[in-house]
Amino acid sequence: MLATSVSKKLLFRSNVSSFTRKMSSHDAVIVAASRTPVGSLYGSLKTFTAPQLGSVALKHAFEQSKVDPAVVEEIYFGHVIQAGAGQSPARQVALAAGMKSASDATTINKVCASGMKSIMIAAQSIETGYKNVIVAGGMESMSNAPFLLPRTNPLFGKFETRDSVESDGLWDVYNNFAMGNCGEISAEKYNISRASLDEHAIESYKRAARAWEGGVFDAEIAPVTIKGKKGDTVIKEDEEYKKVIFDKVPSLKSAFKSGGRITAANSSNLNDGASALILMSAEKAKELGVKPLAKVVSYADAGVEPIDFPMAPTVALPEALKRANLTVDDIARFEINEAFSVVVRIAEKLLQIDPAKVNVNGGAVALGHAIGNSGARIVVSLVHGLQSGEYGAAGICNGGGAASAIVIQKL
């Protein structure tokens, strides 16, 4: 009887060990990473819905990697302001980009971290052996986000409209004020000066301009074609980074608090854009003859008090690094989403990161922040920005007091 019990325990342990080895053998690799240009609010991309932008990015990913859309089993796509976009926005992206109807689709909403969370879920599915080929990404058309009316008419008097961009994307529901107010509180808490924030913003714009002048983003951009009576117009460059007057940055009034530190210049903008990545197991990539661009090494989420959301990446990033058995010094480049310049300044201060390694080619302050897209966009740029063998880390805060982070290695 005792021998039988011991035998069963050993068999159980053997099965667990085998399962663990099986999971670790399913490395998730990124074989394509594309993004549309980021358009300004009511700018060049205003006529495109979020799913339409998503399909442009995904088609480009398929074209660049030569991956047959028919082999993709599932898609996870981030999208925050979904009102009016139609049923299952991720499914719209999948079918418009040529994926087969037998594939599945799930739209992810983790506010600004939606696009990154989609990548993390895709990696998990691959690493466990549940799926072999998955698309992940994010999208947003803030230009097309609707105003909201109450469904029930008042018995007497007026009713008010609500801006879905504000209410569903940019408003702290716990403290009932704009997320910029959280930025103000964090700037005070961590002693980040107005001058430091402005210096960061100016540098972000300058880095973005240098990157575009040097053709740094060319490989990752999925051009967007706008049909017109007088011919087609092709949009293949971010709009926002040129819209800056450096001399005016220090004199701008604070946006959220009288005498505050957060301004329009050191905050991200309202934007349109989409990003798409194709992930698969290393074994599947070898079988299909597809060359991987990067390997997903680790990832992590973090939760903090809602009002402290700007510092949340400083909790998620160390956890992701710990899971990868890496330190800050091992990371060649960081992509930390610039919801506000204060987010990056806090990360640099608390994690002791060299500013020269953070958002090397500019960040959301200059390039734009299409909220459902940004978590995926920074991973796309990281994939293309790293050199072979280098490790990169990306982190993004999100409303409600949370963040997501991911570590990748360029192959």
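Guide: Accessible areas here come from the Shrake-Rupley method with a 1.4 Å probe, and for residues only the protein chains shown count as cover. On that basis the protein chain exposes about 18200 Å², of which carbon and sulfur atoms supply 52%. This is a predicted model, in which local features need pLDDT of at least 70 and side-chain atom pairs count only at pLDDT 80 or more, while totals for chains, interfaces and linings use all residues. Residues are numbered from 1 along each chain as its sequence is written, and side-chain values use heavy atoms, with hydrogens and water left out.

Of the 411 residues of the protein chain, 55% count as buried, that is, under 20% relative accessible area, against over 50% for exposed and partly exposed in between (1.4 Å probe, protein chains only). The secondary structure comprises twelve helices and 16 strands, taken as DSSP runs numbered from the N terminus (helices H or I, at least four residues; strands E, at least two).

The part to examine is strand β15, residues 391–398, which is mostly covered, with seven of its eight residues buried. Strands count as paired if DSSP finds at least two bridges between them. Strand β14 (residues 331–336) runs parallel to β15 and is joined to it by five bridges, with Phe334 standing opposite Ala393 in β15. Strand β16 (residues 402–410) runs antiparallel to β15, and eight bridges join the two; here Ala394 stands opposite Ile406 in β16. The hairpin of β15 and β16 has three residues between the strands, and Gly400 takes a positive phi near 100 degrees there.
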